[in-house]
Amino acid sequence: MDALRLSRRTALGGILAGAFTLAIPRALAEAMTPAQGAEAIDLQPLIAILPDGRVRIVSLMAEMGQGVSTALPLVLADELDADWDRVEIVPLDSAKRVPLDKPVMLVTSDSSSTRGYFTRLREVAARGRMQLTSAAAARWGVPAADCRTAKGRVLHPDGATSLSYGELATDAAKLPAPGAVTLKEAGQFTLIGRSQPRRDVPDKVRGAATYASDVKLPGMLYTSVAQGPYGALALTAHDRDAALADPRVKDMFVIDGTTLVAVALDTWSAMKALEAAAPAWDAGPSPASSDAYKTALVEALGQPGRAFAVAGEPPAADGLKMVEADYQVAFLAHATMEPMSCAAWFHDGRLEMWAPTQAVFRAQAAAAKASGLSPDAVLIHQTLLGGGFGRRSESDFVAQAAQIAMRVKAPVRLQWSRGEDMKRDPYRSAYAMRCKGAVDASGRIADYGVTISGPSILRSRVPLFDSPNAPIDPTVQNGLVPKFYKLPATRAAWVEVRPPVPIGYWRSVAQSQNTFAAESFVDELAHAAGADPFDFRQAHLTDPRMAAVMAKLRTLSEWDKPAPKGRARGVAVVNCYESWFGQVIELSVTDGEIRIHRATSVIDCGLAVQSDNVIAQVEGGTVFGLSAALHGEITIDQGVTQQSTFADYRVLLLAETPEMRTYVMPSTAPPGGVGETGTPCAMPATANALFALTGKRLRTLPLQAGLSG
């Protein structure tokens, strides 16, 4: 991303101005609003057909390794009957494609990209296909209904004559967009379901992909920050002279009252300047403590809380085997491979930024607020994301870069260190859950109840959830009471305990903690009933899609064969993001260390747009979940996070990654979410396998610490 890239982008605008473009009508755009609380979306062209026949498609969502920059353009191209080899994909930015006087939100989150836009994007493309067909039919003087389209051409009824989309673009652009459209049947897809190679991968393999951390601009200066403990009241001291003793360090100043900024000729010098400055902060009267918060969470479980998911009458205890268990999960960092970074340049009266963000228009709004500019004076170029997992839906680092650029008045690139990234992450919060249930004499679940204590993520983000009569945050309750089991009596309650540090969305959100409690507890009910945990689950299923997933999982995991000597298996299932998922983990313990040997997964995600990528997402999500199951924990003392690198915040290494077996159920149902579905089961399935092997039931994550303790 350099001056050359900027010139190409400018030239692009000129080409697009003369091209045939397909736009989402306002009514449709408003219907595409993906999430509760998000503002209306108003998009400019998504597709441009250039005069030479190339088709340029805007990737609506941020590419953070999940393959969406290929998947959504592929959906459009298939319905358009474009020639995929002549399709170009460009990222969304905040320029010209939205009304600049109206802030809008478009967030890559909730595994919602494909499932949220699949049909609506096809409708946009189908309108374009009909316009192109009508333009060709008019030239030939034949009925449009007798023409066909394929690989970027409209075919004459005679079977020998055809016109390219490029030849027809000008005429087609003059035609009104049709109202009703007919979408392809599943059997007519030529791209969807055929696992086309991802367009983003070759450059990543060659090291040629451009992330925000790679952006270079003429005369650029490099900056880094030191932000102090959570809740710090003020920066009380720093040695500016020591920092500026290095001639490569050009400036040092404070923003936001507590954030020390170093400006240098290179990133390393900026980071070393922060060390030399030895900043100190007033941590305030009650510094954050993760231990104190965990204690508060457990104490809160004794309160009645706010009820939800109440159904049926709790049975009398006579003749029942009662089971009660408490579970706890720790604070977790996102630990993206690329620490937070953002380039910014205030020039010609506007602020131009290159941001790895999951929410390009939210970033635009944050930068505008931080810089004091109007939104139409802020242009956000969305770069590749070196990992997101929810972290980059926040815009704190973008707002910092905006402030720094306005002060420095030169192109700057802000680069957080790994330690700063780990210490100032909006974590997945710690939670505690108390489950109470019973099984009857026939081995059936007779009662199921759960109380969860912890915070609401939405409280600080959506005004609706920060009011006295707010509904219970779905990021608290989702998955706590499984809906695919027959449970004659259920009840759940939430006791809010506000966190001592900022929290955020973490991959799979509520499912990341709730599935651990729910599927661990179902395993405990199965043990109380004296039943095989797989048999027990299957006996209680009410959902045919989950039943099919489990039947396939049983075979694929070889559940009915004895595990190799010294190993055991555990199972867990989940229904989230409109997908059904089951997983079996096979593990052993050697010298007190848990080793995962195999992860077998089956997913029903409806129609798989790219089945190879579905498998990749499931397996990537599994590694993410296993890291949390075995090692993930952030601890905070006196407001300071105790972990700062991958040495003390472990993630699963390549050598520790198990054999993966993943099966995608064939389906023509609407697509479900994939990117987050593979994460939740890894935690309970591992805990259940550990119990099967050792007889020791660990109810607190991470498991390795519990096994060693």
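**Close-up views of side-chain contacts**

**View 1. Arg 697 and its surroundings.** In this predicted model, the side chains of Arg 697 and Asp 523 are joined by a polar contact of 3.4 Å, where a polar contact is a pair of N or O atoms within 3.5 Å, of which, within protein, one must be able to donate a hydrogen and the other to accept it, while residues adjacent in sequence count only if both atoms are side-chain atoms. The side chain of Arg 697 also makes a polar contact of 2.8 Å with the side chain of Asn 688. Arg 697 lies in the loop between helix 18 (682-694) and helix 19 (703-708); helices (H or I, at least four residues) and strands (E, at least two) are DSSP runs, numbered from the N terminus. With a relative accessible area of 13%, Arg 697 is buried, a word that stands for under 20% relative accessible area, with exposed meaning over 50% and partly exposed in between (1.4 Å probe, protein chains only). Leaving aside neighbours within four places in sequence, Arg 697 is in contact (heavy atoms within 4.5 Å) with residues including Ser 520, Glu 524 and Phe 691.

The residues are numbered from 1 along each chain as its sequence is written, and side-chain values use heavy atoms, with hydrogens and water left out. Because the model is predicted, local features need pLDDT of at least 70 and side-chain atom pairs count only at pLDDT 80 or more, whereas totals for chains, interfaces and linings use all residues.

**View 2. An aromatic pair between Tyr 327 and Phe 516.** The structure holds nine aromatic pairs, in which rings of Phe, Tyr and Trp (its six-membered ring) have centres within 6.5 Å, and planes under 30 degrees apart count as stacked, over 60 as edge-to-face and the rest as tilted. One of them is the edge-to-face pair of Tyr 327 and Phe 516, with 5.8 Å centre to centre and 80° between the planes. This pair links distant parts of the chain, with Tyr 327 in strand 14 (residues 321-329) and Phe 516 in helix 14 (residues 510-529), 189 residues apart. Tyr 327 is buried at 0% relative accessible area, and Phe 516 is buried at 0% relative accessibility.

**View 3. An aromatic cluster and an arginine over a ring.** Tyr 230, Tyr 293, Phe 331 and Tyr 427 form one aromatic cluster. The charged end of Arg 424 sits over the ring of Tyr 230, 4.8 Å from the ring centre, a description that requires NZ of Lys or CZ of Arg to be within 6 Å of the ring centre and within 35 degrees of the ring normal.
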